[in-house]
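This report describes how parts of one protein chain are arranged. Look at the sequence and the structure first, then follow the sections below.

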Amino acid sequence: MKSKYSITGLIILLGAAFILVFCGGRSEKAPLQLTFWHSMSIYQGNVLYDLINQYNEEHKDVVINPVFQGLYPDMKAKLLNAIKTDNPPDIAQVAIEYLDIFIQNGSIQPITEYIPEEDKNDILDQFWRCVSRKLEVYAYPFNISVQVLYYNKDAFEEAGLNPEKPPKTWDEVIEYAKKLTKDFDGDGIIDQWGVLVSVEGVFGFTPLIRQLGGEVLNEDRTKAVFNNEKGVRVMNLLQDMIYKYRVMPSKWSLFEGTNAFLQGKIAMGPITSAGIKFAEENLPWKLGIAPLPYIENKSVLLGGAGLVVLSDSYNEYKQSLDFIRWLSSKENTIRWHKETGYLPLRKSAIESVELKSFYKAHPNYKVALDQLGYARPPDFTPYLPQIDQILRFAIDEILINKKEPKIILDIAAEKINELLATEEEQ
C-alpha cells in the first residue's frame with residue numbers, strides 16, 4: 001500500500017509540473033524585485049523614471065522599483081534608519097558629502113574589484129574621485145554637476161551690456177551688477193538686483209577660497225585652514241557686493257534667490273548646471289550660461305550623488321550593479337545630460353558625435369563641461385555635514401549681521417577643529 005501511494009503521488013506531481021510548464025502555470029521564474037531609493041524630483045525624476053522603465057522592459061528577469069525619499073538630507077536620515085532596522089533598499093542614491101558616514105559605519109563596502117576596466121578608463125577621474133576614499137571606490141558616480149553663472153540676456157541688453165560677453169571675474173561681475181541693479185518705479189526699493197552669490201556652507205565657500213589658492217581643510221583633513229587672509233578676502237568681497245556697491249541682497253537663500261531669478265528679480269548668479277533644462281524651458285526671457293567667475297584662479301566644485309549597493313544577497317548585489325552600470329552607460333549618460341544638465345560621465349560620451357552636434361544647438365550645456373579641467377570635489381570627511389552647518393552659520397553672521405569676517409571665521413575654525421579632533425581620538 002505504501003508503494004502504491006508513492007507512485008500515485010509521483011504521477012500527480014509530474015502531471016502538475018507538466019501543466020505548469022506547458023500550460024502557462026506558475027513554474028515560470030518570477031522576476032527579481034530590486035528597490036531603488038532616490039532623491040530626484042520633478043524634471044530629473046521624470047527622466048530617471050523613463051530610464052528605469054526602459055531597463056525593466058529590456059530585462060524581463062529584473063524589476064527596478066524606484067522610491068522617492070526626499071532631498072539628500074531626508075535620504076540620509078531615512079537610509080540610516082533603514083540600515084539600523086536591517087531593512088535597507090537594494091540600491092540608494094547617496095550625496096557625495098554623506099558617503100563617508102556610511103563608509104565609517106560599515107554600511108557600504110568597496111566595489112573596486114567589481115568595476116570593469118572599461119568603466120574605470122571611460123568614466124572621468126574627476127567623477128571617480130567623488131565616490132572614492134583611500135584608493136577604494138564605494139559607489140558609481142551618477143548625477144554630478146558644477147555651478148555655472150546664469151544670467152538674463154534680456155536684462156543685459158536693456159542695461160546696455162553685450163549679452164554675448166558675460167563677466168569673467170568677480171570684479172567684472174560687480175561692474176556689470178552696478179548697471180543691472182534697478183529701481184524701475186523710483187520708490188526706493190530695488191526691483192532687480194544685479195547679482196546674488198548665495199554662499200551656503202561648504203559648497204558655496206569652497207570654490208571661492210580655492211580661487212585664491214586656499215582650502216577649507218588641510219590635506220589630511222585634520223584642521224580647518226580657511227580662517228586666514230584668503231577666507232577674509234572672500235567674505236570681504238561678498239560684503240562689498242551687499243553693503244558697499246549695493247548690487248546684491250543680503251538675506252536671500254539659494255532657494256529664494258533661484259525663485260527670484262525665475263521672476264526676473266535677479267539678473268545673474270551661480271546656480272547648479274543641473275537646472276539648465278528647466279530654466280531654458282520655463283524662463284520668459286533668453287537664458288545665458290557662463291563659466292563661474294573667478295577671483296585669481298579658476299575653480300569650481302563638483303557636487304551631486306553616487307549610487308551605492310546595499311544588498312547582502314549575491315544575486316541581488318550582482319543585478320543591482322548591473323542596473324547601475326546600465327544607468328551610467330554611454331547612451332544613458334548622454335540622455336541624462338541632455339535632459340537634465342547633469343554632466344556626462346564618460347569620455348566616450350563627451351567625444352561622441354551626438355553631443356558635439358547637441359552643443360551646437362544648445363551651447364549652454366557645454367559650459368559646465370568646459371569647467372571640468374579645474375573642477376574638484378569638496379574635502380571629504382565624515383564630519384562634512386557638520387562642517388557645512390558651521391560654515392553656513394558663520395557666513396550668515398558675516399553677510400546678514402555684518403560681523404567682522406576674521407573673528408567669525410576664527411570661531412568657526414575652532415568649532416570645526418574640535419570636531420576633527422574627536423575623529424582622530426576615535
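## Helices α10 and α18

In helix α10, residues M235, L238, Q239, I242 and Y243 meet I395, I398 and L399 of helix α18. Contact here means heavy atoms within 4.5 Å. Helices (H or I, at least four residues) and strands (E, at least two) are DSSP runs, numbered from the N terminus. The model is a predicted one: local features need pLDDT of at least 70, side-chain atom pairs count only at pLDDT 80 or more, and totals for chains, interfaces and linings use all residues. Residues are numbered from 1 along each chain as its sequence is written, and side-chain values use heavy atoms, with hydrogens and water left out.

Helix α10 covers residues 229-244, and its axis comes within 10 Å of that of α18, the two crossing at roughly 45°. α10 is therefore oblique to α18. Angles under 35 degrees count as roughly parallel, over 145 as roughly antiparallel, 65 to 115 as roughly perpendicular and the rest as oblique. Axes are lines fitted to C-alpha atoms, for helices over the stretch in contact, and angles run from 0 to 180 degrees between N-to-C directions. The crossing of α10 and α18 is right-handed. A crossing is right-handed if the near helix is turned clockwise from the far one by less than a right angle, and left-handed if anticlockwise.

## The nonpolar core

Which residues touch the most other members of the largest nonpolar core? They are F205, F226, L238, M241, M268 and F323, out of 138 residues in this core. Helix α18 (residues 384-399) gives the most to the core, with eight residues. A nonpolar core is a set of buried Ala, Val, Leu, Ile, Met, Phe, Trp, Tyr and Cys residues joined through side-chain atoms within 4.5 Å. Buried means under 20% relative accessible area, exposed over 50%, and partly exposed in between (1.4 Å probe, protein chains only). In soluble globular proteins, nonpolar side chains tend to be buried together.

Leaving aside residues up to four places away in sequence, F323 touches F36, I52, Y55, I64 and I91. F205 belongs to the buried residues of helix α9, together with G201, V202, G204, T206, P207, L208, I209 and R210. Helix α9 (residues 201-210) is mostly covered, with nine of its 10 residues buried. The elements covering these buried residues include α8 (170-180), α10, β10 (300-301), β12 (375-376) and α18.

## Two open sheets

Strands of a sheet pair through backbone hydrogen bonds, either parallel or antiparallel. Two strands count as paired if DSSP finds at least two bridges between them. Strands β1 (residues 32-38) and β3 (residues 91-95) run parallel and are joined by two bridges. Here F36 stands opposite I91 in β3.

Another open sheet has three strands in the order β8-β7-β9, with antiparallel pairing. β8 (268-272) and β9 (287-290) are the edge strands, each pairing on one side only. In this sheet, neighbouring strands are turned by 35° against each other on average, direction ignored. Five bridges join β7 (residues 147-152) to β8, and the two run antiparallel. Y150 stands opposite G269 in β8.

## Helices α2 and α14

Q44, V47, L48, D50, L51 and Q54 in α2 meet N332, R335, W336, E339 and T340 in α14.

## Two partly exposed residues

K338 is placed in helix α14. Is K338 buried, partly exposed or exposed? Its relative accessibility is 24%, so K338 counts as partly exposed. Not counting residues up to four places away in sequence, K338 touches K277, E354, L355, F358 and Y365. The C-alpha atoms of K338 and L355 are separated by 8.4 Å, although these residues are 17 apart along the chain.

T422 is placed in helix α19 (residues 405-425). With a relative accessible area of 34%, T422 is partly exposed. T422 and Y383 are 39 residues apart along the chain, and their C-alpha atoms are separated by 9.9 Å.
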